[in-house]
Amino acid sequence: MEPYHNSRLPYARNYITVGLLFLMAALLFGLLAAMQYIVPGWGRDVFSFEKLRPLHVSSAVFWILMAAMGAVLTYISEGENTVRKPTWIKVQFYLFTFSFAAILLSYCFGIFSGREYWEFHPYFSILIVIGWIVFLLNFFHYFKTLKHQPVYIWMWMTGVVFFLFTYLESNLWLLPGVRHRLVQDMTIQWKSYGSMVGAWNMLIYGSSIFLMDKIAGNQTYSRSPMAFALYALSLFNLMFNWGHHIYTLPTAPYVKYIAYFVSMTELFILGRIIYGWSQTLSTARKYAHIYSYKFLFAADAWVFANLGLAIVMSVPAFNIYMHGTHVIVGHTMGTTIGINTMLLLAFAYNILGNDSRYQLSTSRFSVAYNITQISLASFWLALIVAGFLKSYWQMTEPTIAYGELWNRMRPLFYIFYVAGLGLAVGLLYLAVPLIRSGFSKASSK
Amino acid sequence: MRDHQLKVVVFTVLTVLFLCYSFVLYFKDYQETVPADALAQKGKDIWQQKNCGSCHQLYGLGGHLGPDLTNVYGKREQPYIEAFLRTGTTVMPNFHLSDSEINALIAFFKYTNTTGVADPRSFTKHLDGTISQQSSSVR
């Protein structure tokens, strides 16, 4: 056990640096993949969509996981003022960095498992499971009891444990009895994915509460009954609301009824955001000079927009109009970029953004930040409008050819692409100083 | 102290319910009308190995570059499907599939078509927000 100091935990900081590199990769592959939306057949024989999509999606997931792990490890050490098992943190770092990089390489050679999100060969899962068990051990080295702990410790514990469970569950398809029964396979697949996203959100939201406490200089919120009530509600949703992904799948009706009922409890969270919005705005003005806080504020706004959309999508009668359309893509992008990435950038700026050699000036930061938010809003809206139009045309013109649908949606995809370019420029501008700072810390260690 | 006990009880109860629900779903009888035969199983393995789901959907889940293929076997003649698989399209690359791979994929589409109907128009919407579906397969 060693006293905590930022420089004592370089590998936790390196998670965020490497995570940011995965974010850059996700932007690059995303732009290349999106080219195929606007120029049909572009790159078809060199880098076809079945390679570019997993490269993009996995890079984005790896950014989220690496940065979330880095934030949790850094904040745990900071909160407890000790660094425990630094060697194991290093082992964990190398396990994930190696396996994630190897996975991206394997896609280039056309090696797939063909599963949504986790499209890599199942052999890589062995490394990921080992890495996550090391993370779990690293986490529990810090906490022998949950008594008197603030809510973020409960959230981190939930995220660490449930991610492992749901990741193992997502590999049940390897059993022939599951794999060769389509409805069972898809039910279990989306059950695991729905809960897994909830699990990594627990890591991220827990870290955001820690950071907010740190900025405010007290633990008033993280120990309040309201914080624990919202945590319990989020846990309830993590466990039981995943069925809204599969309303059209011919699985047991109770799966859908449970999901519908549980998803509606999120209205409470939405109501609380509306009720507390004036306070959020006054806090935003108070901390407007802190870069990290700006990302926390942006994430709040994106939570509101995406939660509203998610609740509408969770009503089965509305869901069937949006399911299988770009509304779902818009929602996924809105949550992974608008919420997850904004929060992770808040942590990245808090942990890596204090190096004056690489710090952005306030005006440059504001330009990059505003480009990012405006581009993301345009990107999100273009996808949602395209999705609604696709749904309308499919419902009203049953014989319409798929190619014709695409031709009609193409103007929206041009907006989507230009907004995507703006988003990439904004995020690149925001991330590069952090990456430079991260490499500088690593080399100066 | 009582506050802490309440937190532990809530967490434990939810976790136990979650595990019970999970195991019910693992061992439930899914009553698929026709189980996948060996050729359809091979077709599903090829579907995954070629990462077809990155562009196409089954039951609306998957990529968006190509159409949903859950019921393609019920909507199109077999030679039509075969032609796509053999040559690709402007957007879809030619995967140079062998005859046996093409037959396996067609058997897989025949199987997916028996599992249900993915078309959102086949659902009846109710005032309480729920949906229901009458038919279970296209042909």
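This is a predicted model: local features need pLDDT of at least 70, side-chain atom pairs count only at pLDDT 80 or more; totals for chains, interfaces and linings use all residues.
Residues are numbered from 1 along each chain as its sequence is written, chains are lettered from A and ligands numbered from 1 in the order in which they are written, and side-chain values use heavy atoms, with hydrogens and water left out.

Q: What area do chain B and chain A bury between them?
A: Buried area is the accessible area (1.4 Å probe) that two parts lose on being put together, summed over both. Carbon and sulfur atoms carry 67% of it, and the total is about 6000 Å².

Q: Which residue of chain B forms a salt bridge with A:Arg179?
A: A salt bridge takes a side-chain nitrogen of Lys or Arg within 4 Å of a carboxyl oxygen of Asp or Glu. Across this interface the rule finds two. For A:Arg179, the closest N and O atoms are 3.2 Å apart, and the partner is B:Asp45.

Q: Is B:His96 buried or exposed?
A: Phi of B:His96 is near 50 degrees, a positive value in a residue other than glycine. On the accessibility scale (1.4 Å probe, protein chains only), buried means under 20% relative accessible area, exposed over 50%, and partly exposed in between. B:His96 has a relative accessible area of 64%, so B:His96 is exposed.
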